[in-house]
Amino acid sequence: MKLPWTKTITASARAIQADIMPHERALGTGADWAPADYAEYYAKSVPVYAAIRVRSDALSSVPWQAQRRSGAAEGAPLAANHPLQRLLDRPNPWYSGAELRRATEINLCIWGRAYWGIETQPDGSTELWPLRPDRMTPIPGDPNTNQHIVGYLYRGLMGNRTYLPEEVEQFSYFNPMQERTGLSPLAPMRLSADMGMDGIKFNRNTLRNGSVPDYILLADSELTDTNAEEFYRRWEERFQGPNRANRPGIASFIRDVKPLA
């Protein structure tokens, strides 16, 4: 089935094409706009995870309905067994339509862009697969051509793969500094997210590794290890536990208490 999603822009967009340097046409653009470590915020930052999860769950719960685009019945929903509707309901053997929509929205929230790989199987059927945006690079077209993007380069862990424009569907939040790539919502809030995670790490390490006592007891004379251990034992027996809080203490050999907290 041929999908009408080919991305081409005519030569009237000559100003946009002229913004790309020659070396960028060979290497592609946009790598700096989708760093891989953006995904760590989704896994480590509670507010980032919560915001993205709520949004992606809400949007993925709405089913997609394919409609006719022309003819007397324009706007009418397609039958459930229509190839396009079946593709939206079951994009590939491993993803449901809701799962594809969820993955797409999560990628948009993390990287500001999302990609579907449009794969044609040997039997002629079509499958849609979400692709990691941090590994995907659009290849700009030459100013003398009529194509805005001539292809895509996917840098996988086991090697690179190339895609034609008609084999990829790209979604992105508009980036005023580089229109071929998206602008991640995490970019302007990254410092705030870092501060939140740093605060949590500091508190956690303080609780795990902190060794500063709340106060110091100053004795009239030097205590032996035996006397000190006996003092701790008797102190804990009297004050340890929620039912023994705020009980008065007596230590005849203590001359002063210095609070540290």
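Visitor: Does Thr-104 count as buried or exposed?
Guide: This is a predicted model. Thr-104 lies in helix α6, which spans residues 97–111. Buried means under 20% relative accessible area. Thr-104 has 8% relative accessibility, so Thr-104 counts as buried.

Visitor: Which residues does Thr-104 touch, not counting those up to four places away in sequence?
Guide: Start from helix α6, where Thr-104 lies. Leave out residues up to four places away in sequence, and the contacts of Thr-104 are Ala-114, Trp-116 and Phe-171.

Visitor: Which strands does α6 lie across, and at about what angle does α6 run to β1?
Guide: Helix α6 covers residues 97–111. It lies across β1, β2 and β6. Its angle to β1 is about 140°.

Visitor: In what order do the strands β1, β2 and β6 stand in their open sheet?
Guide: The pairing in this sheet is antiparallel. Its edge strands are β2 (126–131) and β6 (168–172), and each pairs on one side only. On average, neighbouring strands are turned by 20° against each other, direction ignored. The order is β2-β1-β6.

Visitor: Which residue in β6 is the bridge partner of Tyr-115?
Guide: Strand β1 takes in residues 113–120. It pairs with β6 in the antiparallel sense over five bridges. In β6, the partner of Tyr-115 is Gln-170.

Visitor: Which residue in β5 is the bridge partner of Arg-155?
Guide: Strand β4 runs over residues 149–156. Five bridges join β4 and β5 in the antiparallel sense. Within β5, Arg-155 has as its partner Asn-160.

Visitor: Is Val-212 buried or exposed?
Guide: Val-212 sits in the loop between α7 and β7 (215–219). Exposed means over 50% relative accessible area. Val-212 reaches 67%, so Val-212 counts as exposed.

Visitor: What distance separates the C-alpha atoms of Met-189 and Val-48?
Guide: Met-189 belongs to helix α7, residues 186–209. Met-189 is partly exposed, because its relative accessible area is 34%. Along the chain, Met-189 and Val-48 are 141 residues apart. Their C-alpha atoms are separated by 9.6 Å.

Notes
Residues numbered from 1 in each chain as written. Predicted model: local features only at pLDDT ≥ 70, side-chain atom pairs only at ≥ 80, totals over all residues. Heavy atoms only, no water. Helix = DSSP H or I, 4+ residues; strand = E, 2+ residues; numbered from the N terminus. Buried < 20%, exposed > 50% of the residue type's maximum accessible area, 1.4 Å probe, protein only. Pairing = 2+ DSSP bridges. Contact = heavy atoms within 4.5 Å. Axes fitted to C-alpha atoms, helices over the stretch in contact; angles between N-to-C directions.
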